[in-house]
Amino acid sequence: MAGRINDDDVKAVRAAVPIDAVVSEYLQLRNAGGGNLKGLCPFHDEKSPSFQVSPSKGLYYCFGCQAGGDTVDFVMKIDHLSFAETIERLASQAGITLRYEEGGYTPGRQQGERTRLVEAHKAAAQFYVEQLERPEAEIGRTFLAERGFDQAAAQHFGVGYSPAGWDHLVRYLRGRGFTDKELILSGLVQEGRRGPIDRFRGRLMWPIRDISGEVVGFGARKLRDDDNGPKYLNTPETPLYRKSQVLYGIDLAKKDIAKAGRAVVVEGYTDVMACHLAGVTTAIATCGTAFGGDHIKILRRLLMDNSRAKVIFTFDGDAAGQRAALRAFEDDQKFAASTSIAVSPGGMDPCELRLAHGDEGVRQLVEQSTPLFEFAIRSLVEQHDCESPEGQAAALRDAAPIVAHIKDLSIRHKYAVMLSGLLGYVTDNQFVVERVAQLARWAHERGQGGRSELLKGLARSSSAGSGAPQPSRGSGPHPQNGGRGSGNASPNPGAPQAQRGPALNLRSPAHRVERELLKLALQHPDLVSPAFDAYGIDEFTAPPYAAVRRTIEDAGGTAAADADYLARVREAAPDDTVRAMVTELAVEPPHTRRDPDEVYAGVQLVAVRLAAVNQRVSEVRGALQRLGQHADPAHLAAVQNELWVLQQYGQSLRDRGAAAL
């Protein structure tokens with residue numbers, strides 16, 4: 001049986017790895033005030049940030065899909081790891097050696113499956129790098145040199161070489177303790193007639209890393225004419241590698257993408273290398289698939305969808321490159337960043353452009369990009385002879401729906417005027433403007449937003465004169481994991497969710513102040529202790545808040561708050577629903593423009609207590625009415641006395657505030 005990780009080591013790992021450092025590997029974080037950070041949630045599709053991180057608490061919470069937890073929870077959820085795998089990964093990053101109980105530690109047996117696959121890829125990447133130095137790899141080194149890449153460039157990108165033999169990597173990884181089952185599952189090896197054989201043989205190798213920098217697959221380039229395989233051979237779909245969810249170079253480019261607010265999408269591994277070496281360090285590429293919805297989500301989290309963000313697609317100038325560019329247009333308005341197209345001169349890709357015109361040529365290509373709307377409109381108009389009335393009419397018929405699809409009215413008008421000029425209506429652009437407006441109204445009435453017309457127009461443009469099939473659709477981002485736009489869908493079907501609905505009527509002053517007091521009890525326990533610990537569970541009228549109050553009590557109360565206080569409260573939660581509410585309240589900033597102090601805390605304490613007193617006064621008055629004049633005198637006197645005491649206490653709270661608690 002797999003050994004259990006020592007509890008002290010788990011605590012050490014949690015303390016050693018800051019949550020903001022881990023989360024920022026996957027998305028851009030900005031200041032949210034109150035010591036918190038915010039970004040676009042990686043667990044559901046959103047355009048404005050509702051995901052918050054509290055570095056001081058070591059917690060994250062999304063107010064959109066209710067995902068929340070600590071560093072370990074985040075890594076487990078985003079990378080689909082088990083608890084043990086997550087602790088092992090974080091321990092490796094922090095340089096902590098883990099101890100395993102119940103029988104000692106045997107790496108090959110006790111590490112999680114994903115961790116083993118990652119380590120196999122890491123070992124394979126190092127093996128390929130070493131092989132690039134051997135005599136057999138001369139053909140690979142020549143290939144790189146002919147494209148302007150020296151040894152330093154190869155090392156920077158981890159480029160390697162796979163030997164031409166059948167089982168060089170198999171034998172190497174077996175020697176490192178990996179089983180044949182693990183190697184086949186990793187995609188590095190495949191079944192042969194006489195046992196496992198290397199999947200990649202006699203090829204130049206590019207390691208494909210995920211956004212956190214771990215090698216999850218490889219791209220292999222054919223070098224020899226007698227190789228009957230495809231020009232590029234990628235890792236197959238595995239538990240680690242999903243081609244629709246990885247971007248080559250993202251690990252190197254992510255910080256500059258977030259800093260500059262710009263991403264450059266190119267077509268191949270050598271194009272990424274050429275761009276980075278030319279100073280365009282925001283370049284990335286897809287891996288054997290079209291740029292689609294999952295790729296958009298990755299970039300959104302880095303770009304934060306701010307108005308200055310820009311995504312530039314670079315494609316060859318041929319018909320195939322233009323079709324690829326126009327496919328991206330379908331997702332442009334979902335992809336809030338401003339998108340542009342850079343078509344290289346003479347059909348050269350960035351790698352060829354760098355060889356022909358140097359680093360400056362690559363930089364100019366990126367800087368001289370054309371806005372995507374303009375590119376799409378020009379591409380359609382250029383298919384027609386606008387010197388004739390018939391050509392003008394046909395071009396208008398094709399291009400007007402593209403302009404009508406633009407949602408921003410000011411931008412739509414700008415491109416309608418531009419279209420008029422392209423068609424030759426120099427002195428009278430009102431006709432084109434009105435035609436575009438008419439199409440936009442029709443599309444809106446049909447509830448289609450111009451989508452079908454847009455796709456038809458793109459198909460006509462991309463296939464004109466080439467006989468190419470219509471580009472595939474449906475690659476746009478689809479909201480997953482619930483989110484604000486997905487009705488009642490759960491972010492994790494079957495998982496308990498934080499209570500919502502009538503019990504949490506945040507318009508109720510009582511509920512608002514209960515929420516605020518609980519936030520203070522979790523985030524600033526010193527400000528409300530010891531008074532808070534004397535509050536009864538029934539003083540919190542919203543059931544979820546009452547459950548959180550009980551959980552704090554079960555964890556020892558605010559008086560026992562220490563470095564492990566929040567973790568102890570979360571562990572004391574009776575279920576995931578309450579734990580999620582604890583996390584949410586621990587991350588949500590208090591509703592005060594200044595840092596909470598004793599005065600602010602006192603106001604919340606008094607408000608909750610006064611609400612409870614007023615509620616009890618109402619109940620006692622009702623009891624008096626029910627007793628009537630013929631009630632037992634002693635009992636009647638006791639109830640009247642309770643009412644008097646409550647009224648006096650309530651008045652004292654109103655007059656003296658926190659001093660009356």
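Which residue just after H23 takes a positive phi? Gly 556 does, at about 110°. The model is predicted: local features need pLDDT of at least 70, side-chain atom pairs count only at pLDDT 80 or more, and totals for chains, interfaces and linings use all residues. Residues are numbered from 1 along each chain as its sequence is written, and side-chain values use heavy atoms, leaving out hydrogens and water.

**View 1. Helix H23 covers residues 543-554.** Helices (H or I, at least four residues) and strands (E, at least two) are DSSP runs, numbered from the N terminus. H23 has 12 residues and reaches 16 Å from its first C-alpha to its last, close to the expected 16 Å; the expected span is 1.5 Å times one less than the number of residues. Its buried residues include Tyr 545, Val 548 and Ile 552. Buried means under 20% relative accessible area, exposed over 50%, and partly exposed in between (1.4 Å probe, protein chains only).

**View 2. A cis peptide bond joins Ser 529 and Pro 530.** Omega is about 5° here. Pro 530 is in the loop between helix H22 (525-528) and H23.

**View 3. Ser 54 is in strand E4, residues 51-54.** Ser 54 counts as buried because its relative accessibility is 0%. Leaving aside residues up to four places away in sequence, Ser 54 touches Ile 19, Asn 36, Leu 59 and Val 587 (contact means heavy atoms within 4.5 Å).

**View 4. Gln 66 has a positive phi of about 65° although it is not a glycine.** Gln 66 lies in the loop between strands E5 (59-62) and E6 (68-70). Gln 66 counts as partly exposed because its relative accessibility is 21%.
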